[in-house]
Amino acid sequence: MTRAPAVEAHGLALGYGGEPALEGVDFEAAPGAALCVLGPNGGGKTTLFRALLGELQPLAGRVRVAGRPAYLAQTERTRLDFPVSALDVALMGSLADGRWWRPPGRSQRHAALAALGRVGLEGQASVRFGELSGGQRQRVLLARALTQDAAVLLLDEPFAGVDPASAERITAVFTELRAEGRTLLVSTHDVESARLFDLVLCLNRRQVAFGTPAQRLGREVLETTYGSDIVVLEGSGDTAVRAITVQHHEH
Ligand SMILES: Nc1ncnc2c1ncn2[C@@H]1O[C@H](COP(=O)(O)OP(=O)(O)O)[C@@H](O)[C@H]1O
Ligand SMILES: [Mg+2]
C-alpha cells in the first residue's frame, strides 16, 4: 500500500509580483520523513514555507500538506521582547486550534508546560520572554510549535544564531519528533547539518536538486546552489566534498 505524501509540491512557481522568486519545485516527503530545505539567503526557503502554509498562492503548480502544519517562523529573536512569560508564549500555540476567544484552560497550560519541558525550559516557565537568551527564546518558540501537536512541522532556520546547548536540545527534540512519526521540514543554509536528514531539497531561486543527501550533496549541486557563497574544500568522490558557506549578508 502506498501512503499519500505528507507534503508535496508539483511544478510549483512562487513570487511576489514581477519575476518568480522560486520556480521548478517538485518534491514529495512521506509521513515521518525529515527533509532539509537547503539554500543561500534569498534562495526561496521562507517563500516555500509560506506557500506550504497557504499564505502565498502559487503562480503555477500546486502544493499540498496533510493537515495543518505547525510553523516556527524565521525570526530576529534578539528583537523579540514580549512583556509576557515563556509559558504565555508556549500557550500561544494552543491559539492555533481556533479557540482563541477562550482563556487557556488547565489542559492547555499542562500541554504548554510539557512542551517547555521537552525543550529543557520547565524551570523558566515564568521568566519574562525578553529576559531569556536568544537560544532559549528559540526553544520557547519551538515549544509553542510543539503545543500544536501537528503531524507536519515547518521550521524555518531553527538553528540560526542559537548557542550550542540550545542547538543540541533542538536536535534532540527533532529526533523525538521523527520517532513519533511526524514529518519535519527544516530550512538551513548550513550544508553539513543537511547531511543528517533523510532528504534534501536544494533551492536557489529554483529547485537545484531533490533526493537523499548522499545522492545530492556533491560538488556540482553545491556550487549551483550557492554560487560564490560557497567554498568547496576537498573531496575526490563527488559526495566526499566538504563545503563552507560564506554569508555575505543576513536576511
Ligand atoms: N514579501 C516579499 N516581497 C517581495 N519579495 C520578497 C518578499 N519576501 C521575499 N522576497 C524575495 O524572494 C526571494 C526569496 O526570499 P526568501 O524566501 O526569504 O529566501 P530565503 O528564506 O531562502 O532566504 C528573495 O529575492 C526575496 O528578496
Ligand atoms: Mg528565509
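In which helix does S193 lie? S193 is in helix α6 (residues 191–194); helices are DSSP runs of H or I with at least four residues, strands are runs of E with at least two, and both are numbered from the N terminus.

The model is predicted: local features need pLDDT of at least 70, side-chain atom pairs count only at pLDDT 80 or more, and totals for chains, interfaces and linings use all residues. Residues are numbered from 1 along each chain as its sequence is written, chains are lettered from A and ligands numbered from 1 in the order in which they are written, and side-chain values use heavy atoms, with hydrogens and water left out.

**View 1. S193 and its contact with D190.** The side chain of S193 reaches the backbone oxygen of D190 at 3.0 Å. A polar contact is a pair of N or O atoms within 3.5 Å; within protein, one must be able to donate a hydrogen and the other to accept it, and residues adjacent in sequence count only if both atoms are side-chain atoms. S193 has a relative accessibility of 18% and therefore counts as buried (buried is under 20% relative accessible area, exposed over 50%, partly exposed in between, with a 1.4 Å probe and protein chains only).

**View 2. Y226 in helix α8.** Y226 belongs to helix α8 (residues 219–226) and is buried, at 3% relative accessibility. A polar atom of the Y226 side chain lies 2.8 Å from the backbone oxygen of H189. The C-alpha atom of Y226 is also 5.9 Å from that of P40, although the two residues are 186 residues apart along the chain.

**View 3. The surroundings of ligand 1.** A polar side-chain atom of K45 is 2.8 Å from an oxygen atom of ligand 1, and a polar side-chain atom of R205 is 3.0 Å from an oxygen atom of the ligand. A polar backbone atom of G43 lies 3.2 Å from an oxygen atom of ligand 1. The protein covers 66% of the 560 Å² of accessible area that ligand 1 has on its own (Shrake-Rupley method, 1.4 Å probe; for residues, only the protein chains shown count as cover).

**View 4. The magnesium ion, ligand 2.** T46 (OG1) and Q74 (OE1) coordinate the ion at 2.0 to 2.1 Å. T46 lies in helix α1 (residues 45–52) and Q74 in the loop between β5 (70–72) and α2 (86–91), 28 residues apart. Donors are N, O and S atoms within 2.8 Å of the metal (3.2 Å for Na, K and Ca); water is not among the atoms, so sites may look incomplete. T46 is partly exposed, with a relative accessible area of 27%, and Q74 is partly exposed at 31%.

**View 5. Aromatic pairs.** The whole structure contains 2 aromatic pairs. The ring centres of F27 and F210 are 5.9 Å apart and their planes meet at 55°, so this pair is tilted. F27 lies in strand β2 (residues 20–29) and F210 in strand β9 (residues 207–211), 183 residues apart. F27 is buried at 2% relative accessible area, whereas F210 is partly exposed at 23%. F159 and F174 form an edge-to-face pair, 5.7 Å centre to centre with 70° between the planes. F159 is in the loop between β6 and α5 and F174 in helix α5, so the pair ties together parts 15 residues apart in sequence. Rings of Phe, Tyr and Trp (its six-membered ring) pair if their centres lie within 6.5 Å; planes under 30 degrees apart count as stacked, over 60 as edge-to-face and the rest as tilted.

View 6. D149, not a glycine, has a positive phi of about 50°. D149 lies in the loop between α4 (134–146) and β6 (152–156) and counts as exposed at 54% relative accessibility. E157 also has a positive phi, near 50°, and is placed in the loop between β6 and α5 (164–179). E157 is buried, with a relative accessible area of 6%.
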